[in-house]
Structures are given as C-alpha cells and as structure tokens.
Amino acid sequence: ITAETPVTITAPQTLTARWNAKGDTPYTVEYYQQALVGDGYTKVDTQPLTSATDSVAEAVIVSYTGFTLNTEKSTTSGTVTADGKLVLKLYYDREVYTVVWNVDGVVTTETYRYGAPLVAPDTAKPDDDFGSYTFTGWDSPVDKTAVKNASYTAQYVKDYTASIGQTTYRTLELALEKAKPGETVRLDKDL
C-alpha cells in the first residue's frame, strides 16, 4: 500500500502505523582539557556527528599528550534524541608530575600539572670554610614546562680558595688571620 493506493473500507478495520527511526539525527561530542590552575576546563574540540534516533551513541576517546580522561566527570555515551540535542562531554585532567630540586643538599619536592612552567628554587650557595661558590647550572637540562617526573641537582664551582698547607679557607682574609708567622698562604682560583 502506498499513499496513492485507493482503499475501500467495508468493515471496521484496525490500522497500525509504523515509523522508521531517522538515521541521520545529529548529536555532538565535546572535548575539554583541565586548566593549568584551578578546577576549570577549556573546550578544545567539538565533533558534530549523526546516528539513528533512539540509538546509543558512544564518544570516541581521544588521546591527548599529558592528559588523562576523567571518567567520573565525563559523559561518554547517551541515547540520540529526535530533537538532536544530545551532547556528550569528555573531560581530560592534566597529568601531575613530581620535580625534585637539590640545591647544596637542600631537597625541595614540588608537583606541577602538565604544561605548567617549572620554577627553580634560589640557587645561591653561601660561602663556607672551604670557599665561595658560583652556580654553573643544573646536572641535566631543565625543561621549560612540566612534561615528566624529574630530578635536578645544582652544580657549583669554587670561585677561589685560600690555603695554608693542606687546610683550605673560604676567604683570603680568614687564611691570613689563621696563618702563623712564616707560613705561606696560597690563593687558587678555579677557571
């Protein structure tokens, strides 16, 4: 039977209508990434898709470097509604990294979210009985932003040493003060 087929009803009839689900009903998948600071998220991608009305839509789980899907906050599937208003939202949290800074034996441990700028601690090393020091850098290159767990140790050179025999002093003045008459005070500079 088509819309043009004439039908003559001669007795009571029960007619049943059937509708087929629309196969191209729109729905949307939105992807969000956690902010560097705070609890907020920023939308980074939107995918307009289609599927059959009343079908279950599953979002494609995308992999982002430095981010992990937050399954508790995300809506990864849902039923496609006839009005096309289904929106699946996937939230990705930044991975957290531990960075250990060792400055002259003082160890500081800090955590950073992926992509956060690394902030090195003060590297000043006080003069001691063995000399004065200049910071020359870290034992390995420091990343500009947090991309992995890392450990960095400050490196120093002695600016100079003043010594009498086998005893080294941090300043020439201290060596001269400790010198006995006739002892030689030697001043060495590391280049």
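**Figure 1. Serine 55 sits in the loop between strand 2 and strand 3.** The model shown here and in the other views is predicted. The side chain of serine 55 makes a polar contact of 2.9 Å with the side chain of serine 51. A polar atom of the serine 55 side chain also lies 2.6 Å from the backbone oxygen of alanine 52. Leaving aside residues up to four places away in sequence, serine 55 touches Gly78, Thr79 and Val80.

**Figure 2. Tyrosine 41 and tyrosine 91 form an edge-to-face aromatic pair.** Nine aromatic pairs turn up in a search of the whole structure. In the pair of tyrosine 41 and tyrosine 91, the ring centres are 5.1 Å apart and the planes make an angle of 80°. That angle is over 60 degrees, so the pair counts as edge-to-face. Tyrosine 41 belongs to strand 2 (residues 41-51) and tyrosine 91 to strand 6 (residues 87-94), so the contact ties together parts 50 residues apart in sequence. Tyrosine 41 is partly exposed, at a relative accessible area of 22%. Tyrosine 91 is buried, at 15%. The cut-off for buried is under 20%, which is why the value of 22% leaves tyrosine 41 in the partly exposed class. Lysine 73 lies over the face of tyrosine 91, at 5.2 Å from the ring centre.

**Figure 3. Tyrosine 64 pairs edge-to-face with tyrosine 92.** Here the centre-to-centre distance is 4.9 Å, with 85° between the planes. Tyrosine 64 is in the loop between strand 3 (56-58) and strand 4 (67-69), and tyrosine 92 is in strand 6, so this pair ties together parts 28 residues apart in sequence. Both tyrosine 64 and tyrosine 92 are buried.

**Figure 4. Strand 7 and strand 8 form a hairpin with two residues between the strands.** Strand 7 covers residues 96-103 and strand 8 covers residues 106-113. The two strands run antiparallel and are joined by eight bridges. Valine 99 stands opposite glutamate 110 in strand 8. Aspartate 104, in this hairpin, takes a positive phi near 55°.

**Figure 5. Strand 10 pairs with strand 7 and with strand 9.** Strand 10 spans residues 150-164 and runs parallel to strand 7, with four bridges between them. Tryptophan 101 has tyrosine 152 of strand 10 as its bridge partner. Strand 9 (residues 132-138) runs antiparallel to strand 10 and is joined to strand 10 by six bridges. Phenylalanine 135 has its bridge partner in strand 10, at tyrosine 156.

**Figure 6. Five aromatic residues form one cluster.** The members are Trp101, Phe135, Trp138, Tyr152 and Tyr156. Tryptophan 101 is bridged to tyrosine 152, and phenylalanine 135 is bridged to tyrosine 156. Lysine 125 lies over the face of tyrosine 156, at 5.2 Å from the ring centre.

**Figure 7. Strand 10 also pairs with strand 11 and strand 12.** Strand 11 covers residues 167-169 and pairs with strand 10 in the antiparallel sense, over three bridges. Serine 163 has threonine 168 of strand 11 as its bridge partner. Two residues separate strand 10 from strand 11 in a hairpin, where glycine 165 in the turn has a positive phi of about 60°. Three bridges join strand 10 to strand 12, and these strands run antiparallel. Threonine 161 stands opposite aspartate 188 in strand 12.

**Figure 8. Glutamate 183 occupies the loop between helix 1 and strand 12.** Helix 1 is residues 172-178 and strand 12 is residues 186-188. Glutamate 183 counts as partly exposed, at 39% relative accessibility. The side chain of glutamate 183 reaches the backbone nitrogen of lysine 180 at 2.7 Å. Not counting residues up to four places away in sequence, glutamate 183 touches Ile164 and Lys178. The C-alpha atoms of glutamate 183 and valine 62 are 74 Å apart in space, and the two residues are 121 residues apart in sequence.

Notes:
Residues numbered from 1 in each chain as written. Predicted model: local features only at pLDDT ≥ 70, side-chain atom pairs only at ≥ 80, totals over all residues. Heavy atoms only, no water. Phe/Tyr/Trp six-rings, centres within 6.5 Å; stacked < 30°, edge-to-face > 60°. Buried < 20%, exposed > 50% of the residue type's maximum accessible area, 1.4 Å probe, protein only. Lys NZ or Arg CZ within 6 Å of the ring centre and 35° of its normal. Pairing = 2+ DSSP bridges. Contact = heavy atoms within 4.5 Å. Polar contact = N/O pair within 3.5 Å; in protein donor to acceptor, adjacent residues only side chain to side chain.
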